[in-house]
Amino acid sequence: MLIADKLQAVKATLPQGVELVAVSKYHPVEDIKEAYRAGQRVFGENIVQELRVKQPVMPDDVEWHFIGHLQTNKIKYIAPFVSLIHSVDSFKLLSEISRQAIKFGRRIDCLLQIHVAEEETKFGFTVEECRQMLDEGSWRGLAGVRLRGVMCMASNIDDTSQVHAEFRRVFDFFTQAKVEFFVDAPEFSIRCYGMSHDYSIAIEEGSNMVRIGTAIFGERPTKNE
Ligand SMILES: *Cc1c(COP(=O)(O)O)cnc(C)c1O
């Protein structure tokens, strides 16, 4: 199936109000262009160096989302153009993003990555750590960032009841954080979870932004998880 057809097939399954991030990591620019010609504008990448190569050769109206683990020393390379950073997992990272954003005269939208999966290797705040960070309050002084919501990855397992429970945990955290810290911030509205294999569960559990790679672009040329 053509990328354009797979993209349309995925989009047909998304309820209104659920935004699609097409995860193009490890796929060549030609493939991204095909999705672009089919109307897709929001793309997700998880390696700074790869994003730096792809961004200048794609049209300016592409919205690039950074979805991978971000090292503070690399923020400067994406700060001029990135439209949403999904992977904020510490106050230190958030404040560095803010500093770089200000340098470039920007305010960068960010999601708080919450760790709910079993895998030790996945990044993110625990729910408790994230609450502590929000409680502490210094984030309110960061003029270069805007917190837009939460992001997570569920365990990669067959037990769908656990996947449901992990997503629900993040939904509940979002709801509480919204009330406690973001009542006056309508922009704190994004619940980003769900990938190719679990996005229908994620949507049932309140996701309004899904990150889908394989179901659109096919298997990645190189293993990259
Ligand atoms: C690669 C990746 C995805 C997309 O995964 P697929 O299984 O290819 O849909 C989503 N989110 C993150 C954070 C990723 O790194």
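How many nonpolar, polar and charged residues does the lining of the largest cavity have? By class, that lining has five nonpolar, two polar and one charged residues, where Ala, Val, Leu, Ile, Met, Phe, Trp, Tyr, Cys and Pro count as nonpolar, Asp, Glu, Lys and Arg as charged, and the others, Gly among them, as polar.

The model is predicted: local features need pLDDT of at least 70, side-chain atom pairs count only at pLDDT 80 or more, and totals for chains, interfaces and linings use all residues. Residues are numbered from 1 along each chain as its sequence is written, and side-chain values use heavy atoms, with hydrogens and water left out.

The lining consists of Gln113, Ile114, His115, Val116, Ala117, Lys122, Phe123 and Met153; lining residues have an atom within 4 Å of a cavity point, a cavity being a set of points on a 1 Å grid over the protein atoms alone where a 1.4 Å probe fits but cannot get out. Strand S5 (residues 108-115) supplies the largest share, three residues, strands being DSSP runs of E with at least two residues, numbered from the N terminus.

Around the ligand, the shell includes Met153, Ser196, Arg211 and Arg220, each residue having a heavy atom within 4 Å of the ligand. By class, this shell has six nonpolar, three polar and three charged residues. An N or O atom in the side chain of Ser196 is 2.5 Å from a ligand oxygen atom. A polar side-chain atom of Arg211 lies 2.8 Å from a nitrogen atom of the ligand, and one of Arg220 lies 2.8 Å from an oxygen atom of the ligand.

How values were computed:
On a 1 Å grid over the protein atoms alone, a cavity is a set of points where a 1.4 Å probe fits but cannot get out, and a pocket is an open set with protein on both sides within 12 Å along at least five of seven lines; lining residues have an atom within 4 Å of a point. Helices (H or I, at least four residues) and strands (E, at least two) are DSSP runs, numbered from the N terminus. A polar contact is a pair of N or O atoms within 3.5 Å; within protein, one must be able to donate a hydrogen and the other to accept it, and residues adjacent in sequence count only if both atoms are side-chain atoms.
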